[in-house]
Amino acid sequence: MRLEGKIAIITGAGSGMGRAIAKRYAAEGAKVVVADINQAAAAAVAAEIGGDGGEATAFQVDVRNQEQVKAMVAAAVARFGGLDILVTNAGVGRIVPFLDTTEADWDYMFDINCKGLLWCSQAAAAQMIDQGRGGKIVNIASQAGRRGEALVLAYCASKACVISMTQSMALALAPHKINVNGIAPGVVDTPFWEQVDQQFAKLTGLEPGEPKRRAVASIPLGRIEQPDDVAGAAVFLASSESDYITQQTINVDGGNWPG
Ligand SMILES: NC(=O)c1ccc[n+]([C@@H]2O[C@H](COP(=O)([O-])OP(=O)(O)OC[C@H]3O[C@@H](n4cnc5c(N)ncnc54)[C@H](O)[C@@H]3O)[C@@H](O)[C@H]2O)c1
């Protein structure tokens with residue numbers, strides 16, 4: 001098992017990719033804090049992990065709230081005795097044309113996707129530095145952070161911000177042997193893309209389901225990404241196998257983006 005004895009927090013772990021990563025980490029021997037704004041969803045995932053013989057606890061957190069985030073890290077330490085891995089996966093997206101983007105849209109996406117990521121990483125890094133045994137931070141970015149889209153300005157910008165924050169945090173934390181890397185997924189089969197599909201359909205006049213079908217049709221590997229497709233990279237970036245990798249954002253997108 002590649003994460004035996006490690007203690008991990010995964011934000012947004014009540015659904016989609018966060019859930020898949022939490023379950024895989026537990027299967028690899030980690031003790032997992034399933035953190036989500038949706039308490040019932042977090043509790044259900046923690047129970048699933050327990051049912052599979054793993055160790056997990058649920059924690060309700062709004063990543064925008066610094067006090068709640070500090071309490072989340074304190075809960076990991078109180079329950080499991082420390083913190084080795086943070087996955088900043090909680091994120092949201094809205095499809096809004098450039099000219100219609102409001103301050104509320106901008107703040108919603110940047111507050112959760114970027115400011116929340118900052119608070120979580122700061123609190124986790126402070127704990128890891130105190131412990132003095134290094135650590136791993138894995139940020140979930142997106143292929144949306146690699147290029148712009150006319151209908152997706154704020155979300156694309158927020159994910160480009162995640163890629164940039166990954167670089168700065170990696171440099172800041174390298175002296176403490178804390179690796180900071182990112183994963184940029186593509187079109188992933190989660191509740192997130194169901195909403196994206198509906199919003200795209202409304203804006204473009206396409207039938208619901210058609211935006212998703214077209215997005216999937218352009219993926220070189222020829223199928224939609226499953227939440228579990230990111231779990232392997234997430235384990236690798238949390239394990240000792242990636243000790244000499246930092247500042248990188250790895251595309252896990254079926255070949256959608258070449259860079
Ligand atoms: N689905 C995709 O195609 C796709 C592609 C690339 C990147 N991503 C990114 O991957 C991450 C996970 O997305 P997903 O598709 O699994 O989405 P999802 O909607 O299935 O899950 C997101 C989870 O985050 C939680 N959350 C939302 N706001 C929160 C907050 N303020 N504090 C704590 N938790 C909060 C939600 O309750 C939910 O459980 C996001 O950062 C998303 O931007 C998604």
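Reader: How far does a polar side-chain atom of Ser15 lie from an oxygen atom of the ligand?

Author: A polar contact is a pair of N or O atoms within 3.5 Å; within protein, one must be able to donate a hydrogen and the other to accept it, and residues adjacent in sequence count only if both atoms are side-chain atoms. Here a polar side-chain atom of Ser15 lies 2.6 Å from an oxygen atom of the ligand, Asp36 likewise places a polar side-chain atom 2.6 Å from a ligand oxygen, and for Tyr155 a side-chain N or O atom is 2.6 Å from an oxygen atom of the ligand. Of the 830 Å² of accessible area that the ligand has on its own, the protein covers 93% (Shrake-Rupley method, 1.4 Å probe; for residues, only the protein chains shown count as cover). Please keep in mind that this is a predicted model, in which local features need pLDDT of at least 70 and side-chain atom pairs count only at pLDDT 80 or more, while totals for chains, interfaces and linings use all residues. Residues are numbered from 1 along each chain as its sequence is written, and side-chain values use heavy atoms, with hydrogens and water left out.

Reader: Which helix supplies the largest share of the shell around the ligand?

Author: Helices (H or I, at least four residues) and strands (E, at least two) are DSSP runs, numbered from the N terminus. The largest share, three residues, comes from helix 6, and helix 1 (16–27), helix 5 and helix 6 (191–204) each supply at least two residues of the shell.

Reader: Is strand 6 mostly covered or exposed?

Author: A residue is buried under 20% relative accessible area, exposed over 50%, and partly exposed in between (1.4 Å probe, protein chains only). In strand 6 (residues 178–185), eight of its eight residues are buried. In a regular strand the side chains alternate between the two faces of the sheet. Here both faces are covered, with Ile178, Val180, Gly182 and Ala184 buried on one side and Asn179, Asn181, Ile183 and Pro185 buried on the other. Pro185 counts as buried because its relative accessibility is 3%.

Reader: Which strands are joined to strand 6 by bridges?

Author: Two strands pair if DSSP finds at least two bridges between them. Six bridges join strand 5 (residues 135–140) to strand 6 in parallel, with Val138 opposite Asn181, while four bridges join strand 6 to strand 7 (residues 249–252), also in parallel, with Ile183 opposite Ile250.
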